[in-house]
Protein chains: 2
Amino acid sequence: MKIISDIFKMQRTADDLRASGKKIALVPTMGYLHEGHLSLVDEAKKNADVVVLSIYVNPSQFAPHEDLSTYPRDFARDSKLAEARGVDIIFAPEDKVMYPEKELVFVETEEVSHILEGEFRPTHFKGVASVVAKLFNIVKPHVAVFGQKDAQQAFIIRRMVSDLNFDVSMIVAPIVREEDGLALSSRNVYLSEENRKEATVLYRSLNLAQQIVRDGERQFTRVRSEMLRHITAESQGKIDYISFVNPDTFTRVEEAGALKRVLALLAARFGRTRLIDNMFLEVSHK
Amino acid sequence: MKIISDIFKMQRTADDLRASGKKIALVPTMGYLHEGHLSLVDEAKKNADVVVLSIYVNPSQFAPHEDLSTYPRDFARDSKLAEARGVDIIFAPEDKVMYPEKELVFVETEEVSHILEGEFRPTHFKGVASVVAKLFNIVKPHVAVFGQKDAQQAFIIRRMVSDLNFDVSMIVAPIVREEDGLALSSRNVYLSEENRKEATVLYRSLNLAQQIVRDGERQFTRVRSEMLRHITAESQGKIDYISFVNPDTFTRVEEAGALKRVLALLAARFGRTRLIDNMFLEVSHK
C-alpha cells in the first residue's frame, strides 16, 4: 500500500494508472476508520482495480463552533486497517496542501443544502461538495463510493456529479450498524456509556416508522409524532429534526401520494454528541 | 475535423486520446468566431496534439434581460473557420444535453465575481465558472486557452482551477484588435456605423492611461478622470465602470504603491451594445 500526500504526485499516479487501463475507485473519508468505511472499501474493490482511500479532516465543512479540533484522528491505526482490507493507496494531504491560500471558488448547492443538516450546519455542504470536487480532480476516479449514513451528502454529491458532468460513477453503500442497531460513526466514541445505550433509540424509532408506514399510515406528520414520542419516552436525546423526503429529489414529503419509498432522516444530540441516521421506508399501496 | 454534440461520446473520445498519449487543448467559445478566437486556436495548437473547440452559447451566464436570444450564431461559418485553422474536434452540445434538468449545483466565486462585470451582471460569473467546470469534465483537457479580453473571467477560471484542483494548465492569450484598435468581439456586429467609429475611443483611453501612468501618475482616481473626460469628449459612449486592479488578486488599486503592473478595465455602452476592454499598465518606478 502506498501513502501519498502530494497533489501533483497523486494526479500523476492517477494518470499512469488510467494510461495502463486500470480502473480507479475513490473512498473519501475523514479517517478514524470503522467497519462502515471498510464496507465502502469492499464495495470499491468489487468495482475497480485500484482503491484509493482518502483520509482528510476537511476544515471547510466544519463551522467555527463545531468539533474540528477534537475530531478523532489515528493515522497509524487507519493505515493498518486500510492495508488489511486491501486499499492500494491512501491519499492523506495536509491542510496547507489542500488550501494553500484563502479559497475564492466553491461548489455550492441550492435549496437542498439549506434544509435538514444544512439548516443546522449552514456552510457544511458547501465545504463537503468543494472538497469532494477537489478530490475528484486529484484522484481522478472512475468510481466513487459514499455511505448512505450521510444520505443528504450522497444526494448532493450525486447532483454535483450530474450537474457538473464529473465523469465518475457514484456508488452509495448501505449503513453499517452495531449489533444493537446504532449506525457506525467516528463520533460514537464521544458518547458516554449511558448516552451510548440510549442512542439506539434512533434506529428503533426508524424501525417504528417503517412499521407504522407498512401498516398503512400515509400522513408523515403522524409518523413523526410517533417517532418523537418514542424517542422522548426512551431517552434524553434532543431532536434537531425528523424529516421525510422523496429520495429522488430530496424535497419534503408530507403525504405518501404515489411514492413507493420515502426516506426518513433524523438528527439528535446525546450530551454534546450529535448523531444522524436514516432509513428508506417502503410505502404500502394496498 | 470531427463534430461531437454528445457528452458521453466526448468523454470517451477524450479518454481514448489520453490513453494514446495525446495532449488535449480546449478552447471554449460561444461561437460566431473571429480572429480573437482563432488566435486562441493557434495558441492551443502550439501547446497540445489535439485541439477541441467548444461552441456553446451558455444560457446560465446571461441574465433574463440580456442578449441570449439575439446573440449572433452561425455554425456553418464557425465550422469552416475552425477547420481551416486546424481545429481537430468541435464540441457543440445542445441545451437539453448540457442542462437536462434544473441545476442545483454551481461553481461560485466569492468577492471577485461581484465587482466590475459582476456588479452589472450579478449571476454572470456563476454561469461562466459552472459551464467551464462542465466543459473541463467533458473534454478533459490538459490545457485550456482563454482570452485576455475577458480579463475577469480569465482570473476567475484561473482561481477555479487552483481552488478546485482541476488538472488543467491555463493559457491566457492577448487581446486581438482591429486595425483601429477596437478589441474584437462577437458583439461588435451589433454596432451602428457611427457607434463602431466611436467605440475606438475605449482603446485610445486605455493608451492615454498608459501614457499618464508612464509619465509618473500614481493616483488612479486621477487616471480615471482623464479617461472619463477623454471618452465623454469623443463619443456618446456611456461608461459602466473604469477600474484598476492588482492583476494577481483582482483587488481594486487606488495608488500604485510597489505594484509594477496594474490592470485597467472598462465597460461602456454604445447604443444598446455593451463593450469591454482592458490593458496592463506598466507603472513607472523611477
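This is a predicted model: local features need pLDDT of at least 70, side-chain atom pairs count only at pLDDT 80 or more; totals for chains, interfaces and linings use all residues.
**View 1. The relation between chain A and chain B.**

**View 2. The contact between the chains.** Chain B contributes 26 residues to this contact, and chain A contributes 26 residues. On the side of chain B that touches chain A, two or more residues come from each of helix H1 (7-19), strand S5 (105-109), helix H6 (124-139) and helix H7 (151-163) of chain B. Sorted by class, this side of chain B has 13 nonpolar, four polar and nine charged residues.

View 3. Strand S5 (residues 105-109) of chain A pairs with S5(B) in the antiparallel sense, over five bridges. Within this pair, A:Phe106 has B:Glu108 as its bridge partner in S5(B).

**View 4. The two domains of chain A.** Chain A is divided into domain 1 (2-173) and domain 2 (186-281), and the C-alpha centres of these domains lie 26 Å apart. Their contact takes 11 residues from domain 1 of chain A and 11 residues from domain 2 of chain A. On the side of domain 1 that touches domain 2, helix H5 (117-120) and helix H7 (151-163) of chain A each supply at least two residues, and H7(A) gives the most, with three residues. By class, that side of domain 1 of chain A has eight nonpolar, two polar and one charged residues.

Technical notes. Residues are numbered from 1 along each chain as its sequence is written. Chains are lettered from A and ligands numbered from 1 in the order in which they are written. Domain bounds come from an automatic or database domain assignment. Two residues are in contact if their C-beta atoms, placed from the backbone, lie within 7 Å. Helices (H or I, at least four residues) and strands (E, at least two) are DSSP runs, numbered from the N terminus. Ala, Val, Leu, Ile, Met, Phe, Trp, Tyr, Cys and Pro count as nonpolar, Asp, Glu, Lys and Arg as charged, and the others, Gly among them, as polar. Two strands pair if DSSP finds at least two bridges between them.
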